[in-house]
Amino acid sequence: MKLNDLPQTSTWTLARRAERMNPSVIREILKVTEKPGIISLAGGLPSPKTFPVSAFAEASAAVLANDGPAALQYAASEGYAPLRQAIADFLPWDVDADQVLITTGSQQALDLIAKVLIDTDSRVLVETPTYLGALQAFTPMEPAVVSVASDDEGVLIDDLKAKVGTGANKARFLYVLPNFQNPTGRTMSEARRAALVQAAAELNLPLVEDNPYGDLWFDNPPPAPLTARNPEGCIYMGSFSKVLAPGLRLGFVVAPKAVYPKLLQAKQAADLHTPGYNQRLVAEVMKGNFLDRHVPTIRALYKQQCEAMLAALDKEMQGLGVQWNRPDGGMFLWVRLPEGMSAVELLPKAVERNVAFVPGAAFYADNADPRTLRLSFVTSTVEQIATGIAALAAAIRDNK
């Protein structure tokens, strides 16, 4: 029998969760930005100018010379012990290295948390709006994702209490990004953090704190993490993608002992372990307080670019009825278009003028605001930012 003689009867039956998987809006938009001449204010990519290539070259040589066979071998699922200890020492509260689980990027951490904590129809609370990647990680587990009203200081406590639920319908956790949030760039105030941790403790509501941007402050560091205030009531997520290099795919989770073993088992089932070579590279680079010298250079660059975008918005958006915030760090700012406009409908008009952004609707679990959009200021030059914002203003002006 030849291959072509086989009956064409194979039917692939997809799992129900597969039907809930959708492509990332941002990834689809990034395909548009690959066209020549497009100024992308869309992507959440760190600036390649911040990647410490020479430091990694030296670290790679040292790792291969001193620990090559182990670096290239299978490794412990928990992660490379010296890196776990370095993370524990780096965090601003008392952390045992045994609580640290190395993950293949913080996106894997979201996936593991979803697998361990979410059942079908479980209530999960998120900010309004929230990180799209978290919604993508949670959705295949078939939860009931509920948005908690939020303002410029973060989650509104009264609405949190109203939506936490009771009994079998009680929320499994609240997912929150307190520092320079993706997508809005906002930072939760000290007063709101204190109130949130207090309310969560009273409600017996676990918190999942995601902090990939917390070190990217411009002038003053953000308030202490939520987890530092109640370590047993929180899972904390961090990443090396924004302070070193995203291509390494290195993140981590700090979890209470009540949750850690199951996260570890989910990790073992997912990929056995995060590449040991990459872990050793980062551990080597971190020696000698390298991050204390390197991260300030990222802050200075991003502050300059953020100020350039704010200046361009102040200049170009006059009289258009456009609103935006002024972040204190991170990689993004949040824009709201005039009444009656849609960011989704505006995007192709902007692309015609060679500028791209991310419509904000994708970042809402429910009741999306069609007038919102996210701008990233970190991968474009000051000149490109000025040109891109002028083009965006022209597109808004022509479509009001």
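Q: How are α12 and α14 packed, at what angle and how far apart are their axes?
A: Here's the general idea: two packed helices are described by the angle between their axes and the distance between the axes. In this predicted model, helix α12 (residues 290-316) and helix α14 (residues 382-398) pack at about 30°, and their axes lie 9 Å apart. Angles under 35 degrees count as roughly parallel, so α12 is roughly parallel to α14.

Q: And which hand does the crossing of α12 and α14 have, left or right?
A: α12 passes α14 in a right-handed crossing.

Q: Which residues make the contact between α12 and α14?
A: From α12, they include Gln304, Ala308, Met309 and Leu313. From α14, Ile385, Ala386, Ile389 and Arg397 are among them. Sort the residues of this contact by kind and you get 10 nonpolar, 2 polar and 2 charged.

Q: Okay, now the sheet. What is the order of its strands?
A: Read across the sheet, strand by strand. This one is open, has 7 strands with mixed pairing, and runs β2-β10-β9-β8-β7-β3-β4. The edge strands, β2 (100-103) and β4 (144-147), each pair on one side only. From one strand to the next, the twist averages 20°.

Q: Which helix packs on the sheet?
A: That's α10 (residues 260-271), which touches β2, β9 (234-239) and β10 (251-254). The direction of α10 makes about 20° with that of β2.

Q: Can we zoom in on one pair? In which sense do β7 and β8 pair?
A: β7 (residues 174-176) and β8 (residues 207-210) pair in the parallel sense, over 3 bridges.

Q: What does aspartate 121 contact beyond its neighbours within four places in sequence?
A: Its partners there are Glu142, Pro143 and Ala144. Take glutamate 142: it is 21 residues from aspartate 121 along the chain, and their C-alpha atoms are separated by 5.9 Å.

Technical notes
Residues numbered from 1 in each chain as written. Predicted model: local features only at pLDDT ≥ 70, side-chain atom pairs only at ≥ 80, totals over all residues. Heavy atoms only, no water. Pairing = 2+ DSSP bridges. Helix = DSSP H or I, 4+ residues; strand = E, 2+ residues; numbered from the N terminus. Axes fitted to C-alpha atoms, helices over the stretch in contact; angles between N-to-C directions. Contact = heavy atoms within 4.5 Å. Parallel < 35°, antiparallel > 145°, perpendicular 65-115°, else oblique. Left-handed = near helix turned anticlockwise from the far one by under 90°. Nonpolar A, V, L, I, M, F, W, Y, C, P; charged D, E, K, R; others polar.
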